[in-house]
Amino acid sequence: MDTSRSYLEPSSFSKKMAAAIIIVYAVVTLIPISWMVMTSFKNVDSAISYPPEVLFEPSLEGYVNLFTNRSRQSQEYLDSLPPPENWYEELVRSREMVITGPSKFLGRYSNSMIIGFGSTFASVFLGALAAYAFSRFRVPLKDDLLFFILSTRMFPPIAVAVPIFIMYRKLGLGDTHLGMIILYTVVNLSLAVWLLKGFMDEIPKEYEEAAMIDGYSRLQAFFKVVLPQAMTGIAATAIFCMIFSWNEYAFAVLLTQFNAQTAPPFIPTIIGEGGLDWPAIGAGTTLFLLPVMIFTIILRKHLLRGITFGAVRK
Amino acid sequence: MSVKKKFKGLSDKAVGWLFIGPTVLLLLAINIYPLVYAIKMSFTNFYANKIGREPQFVGLKNYIKVLNKEAIWEKMQVTASFMFWTLLLQAIIGLGLALLLNRKFKGNELLTTLIVLPMMLSPAVVGVFWTYLYNPQVGLFNYVVNFFYDLGSFDMIGSSTLAPWAIVIVDTWMWTPFTMLICLAGLRSVPNYLYEAAEVDRASKWQQFIYITLPSVLPFLLLALLFRGIENFKMFDMVVELTSGGPGSATELASINLKREAFEKWKTGYSSAFAVILFVTIFGFGNVYVKVMNKIKER
């Protein structure tokens with residue numbers, strides 16, 4: 001018997017088996033995502049060929065279609081036009097179409113950015129203040145207040161959507177960036193308060209007490225001593241809030257239409273001739289999911305905490 | 001004793017209110033006020049699209065209507081079976097993956113990150129691209145299934161027997177990593193001396209699993225299922241984009257039905273009553289569940 005190995009350590013054979021199964025699972029689970037990315041680089045014909053094409057000639061047709069509006073023209077009309085000025089016009093012409101203008105995608109994508117960053121900043125800022133107070137002071141009814149903040153997360157969004165819809169109509173906030181920023185800030189606040197309270201609890205009280213003995217006021221100590229100490233936690237919380245705002249669909253589809261609509265309700269409406277334009281949807285999906293995937297990799301150490309509202313810390 | 005007086009600036013009490021105030025006010029305005037408003041409307045015959053018509057108080061009529069409607073119980077049943085299968089599959093697969101990952105082989109951090117990716121994506125966008133994978137003519141899913149077992153042509157989204165499974169598969173694909181991560185935290189929290197003591201007592205690996213591993217991981221698994229249960233009870237985005245509740249109403253979950261009543265038929269009073277009933281249900285079940293969970297934790 002191999003006595004040098006602790007008997008608690010799994011045998012190397014069982015480790016290898018475990019690794020093999022996990023690798024298979026990881027590969028299978030990533031197939032749908034990779035398939036969508038691959039589809040974004042197909043042309044319309046190879047996206048609807050059966051059996052599905054794993055090897056294909058890459059094309060940027062999906063991305064061109066995603067960013068442009070096109071209309072079909074007769075061959076005579078196309079012949080009468082001056083030669084195409086650039087590669088994407090040439091690609092569209094080869095489909096017997098002309099570009100009629102930019103599509104709405106860029107606008108929807110930047111709406112997602114504006115609303116995402118705006119609400120993330122607001123919820124992390126307000127959340128950090130509240131979290132600090134909950135972490136350091138004796139607040140009356142503290143546990144009830146904290147539970148109240150968490151319970152707002154249990155409402156089905158549709159349940160409060162009608163009153164918010166009516167309220168926003170009265171206040172002129174319907175279909176505006178500001179309205180959506182306020183709404184997402186509120187939805188994210190519960191997460192921000194709970195997560196940041198956990199991070200603040202881990203910063204020793206002595207730090208700011210020392211600063212206050214040196215003549216800082218409580219406010220100065222908070223901004224100059226505590227906030228810098230909590231930076232990692234704040235960054236992790238911010239990324240979680242950003243991901244939520246970025247992915248949110250129910251409020252966006254119910255409360256926005258033209259002006260402030262974000263990308264998630266828009267992507268499904270990308271329609272080509274004769275049904276959905278899969279390469280363009282693939283392109284939209286890829287561009288939309290990319291930031292989240294990068295964020296997830298940055299966040300990996302804090303994932304567990306974020307998804308459990310700080311209940312499980314590792 | 002007043003230690004605070006030594007420091008300059010605002011008192012701690014003032015700072016406390018200054019810091020908590022804005023959060024509580026915002027939550028009251030954008031969360032509690034709409035909820036109270038919804039409760040108020042649930043006792044009226046209000047239609048949000050008919051501006052100018054004064055809503056009338058109708059008492060409990062809306063509630064009686066909701067509870068007597070057979071279609072509502074069908075939606076509840078669709079929701080319940082969706083929850084049952086997704087939670088069951090996610091518990092089993094998630095725990096299994098966590099047990100494997102806990103063997104601490106090389107590269108397991110990287111693999112964990114990769115496996116976790118699906119749950120971070122936008123559910124609506126996930127719903128859209130799965131309609132492509134499920135496409136009966138060109139879908140990759142159908143191709144793979146037929147490759148292993150020839151079923152001929154089948155339509156996951158178009159068939160009312162298969163559509164409920166289509167949403168269960170996507171939800172499980174997306175959220176199994178969630179249970180996995182939380183179970184993994186549970187497994188890592190078990191102190192080594194428990195296993196050492198068990199080895200000394202000549203307990204078999206199986207006995208160790210039943211008497212040490214499972215009881216320690218159970219509270220974590222239950223917590224994961226609580227989170228998933230609440231989320232799936234509210235499930236809307238992914239399913240709307242994948243099946244939009246169809247075919248017929250085979251996958252019309254409670255939330256999707258609520259959206260139709262509220263934003264397509266504009267029956268504001270009626271849908272508010274329905275929303276309140278859903279909210280009370282989730283809150284009630286959540287509370288009972290937490291009590292049971294705490295009992296198990298204490299043991």
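**Close-up views of a two-chain predicted model**

**View 1. Chain B, contacts along the sequence.** Among contacts in chain B between residues at least 6 apart in sequence, 71% join residues at least 24 apart. Two residues are in contact if their C-beta atoms, placed from the backbone, lie within 7 Å. This is a predicted model: local features need pLDDT of at least 70, side-chain atom pairs count only at pLDDT 80 or more, and totals for chains, interfaces and linings use all residues. Residues are numbered from 1 along each chain as its sequence is written, while chains are lettered from A and ligands numbered from 1 in the order in which they are written.

**View 2. Chain B, overall build.** Chain B has 12 helices and 0 strands. Helices (H or I, at least four residues) and strands (E, at least two) are DSSP runs, numbered from the N terminus. The radius of gyration of chain B is 25 Å, well over the 19 Å that the globule rule gives for 299 residues, so chain B is more spread out than a compact globule. That radius is taken over C-alpha atoms, and the globule rule is 2.2 Å times the number of residues to the power 0.38. Along the principal axes, the C-alpha atoms of chain B fill a box of roughly 80 × 80 × 35 Å. Buried residues make up 41% of the 299 residues in chain B. A residue is buried if 20 or more other C-beta atoms lie within 10 Å of its own, exposed if 12 or fewer, and partly exposed in between, with C-beta atoms placed from the backbone.

**View 3. Chain A, overall build.** Chain A has 16 helices and 4 strands. Its radius of gyration is 26 Å, well over the 20 Å that the globule rule gives for 314 residues, so chain A is more spread out than a compact globule. The C-alpha atoms of chain A fill a box of roughly 85 × 75 × 40 Å, taken along the principal axes. Of the 314 residues in chain A, 42% are buried. Among contacts in chain A between residues at least 6 apart in sequence, 75% join residues at least 24 apart.

**View 4. Confidence in the model.** The model scores ipTM 0.86 and pTM 0.87. Chain B averages a pLDDT of 87, and 97% of its residues score at least 70. pLDDT is the predictor's confidence in each residue, from 0 to 100. Among the elements of chain B, helix α8 (residues 192–200) has the lowest mean pLDDT (85) and helix α3 (residues 70–101) the highest (93). The mean pLDDT of chain A is 85, and 96% of its residues reach 70 or more. Where pLDDT is low, the predicted coordinates should not be read in detail.

**View 5. The interface between chains A and B.** Here 78 residues of chain B are in contact with 78 residues of chain A. On the side of chain B that touches chain A, helix α1 (residues 12–41) of chain B gives the most, with 15 residues. By class, that side has 56 nonpolar, 13 polar and 9 charged residues. Ala, Val, Leu, Ile, Met, Phe, Trp, Tyr, Cys and Pro count as nonpolar, Asp, Glu, Lys and Arg as charged, and the others, Gly among them, as polar.

**View 6. B:Leu26 and its partners in chain A.** B:Leu26 is found in helix α1 of chain B. The residue is partly exposed, with 17 other C-beta atoms within 10 Å. Leaving aside neighbours within four places in sequence, B:Leu26 is in contact with A:Val186 and A:Leu189.

**View 7. A:Pro156 facing chain B.** A:Pro156 lies in the loop between α7 (142–151) and α8 (157–171) of chain A. With 21 C-beta neighbours inside 10 Å, A:Pro156 counts as buried. Apart from neighbours within four places in sequence, A:Pro156 is in contact with B:Lys234, B:Ser255, B:Ala275, B:Leu278 and B:Phe279.

**View 8. Two loop residues of chain B with positive phi.** B:Arg202 lies in the loop between α8 and α9 (205–233) of chain B. Phi of B:Arg202 is near 60°, a positive value in a residue other than glycine. B:Arg202 is exposed, with 7 other C-beta atoms within 10 Å. B:Trp266 sits in the loop between α11 (254–263) and α12 of chain B. Phi of B:Trp266 is near 55°, again positive in a residue other than glycine. B:Trp266 is partly exposed, with 15 other C-beta atoms within 10 Å.
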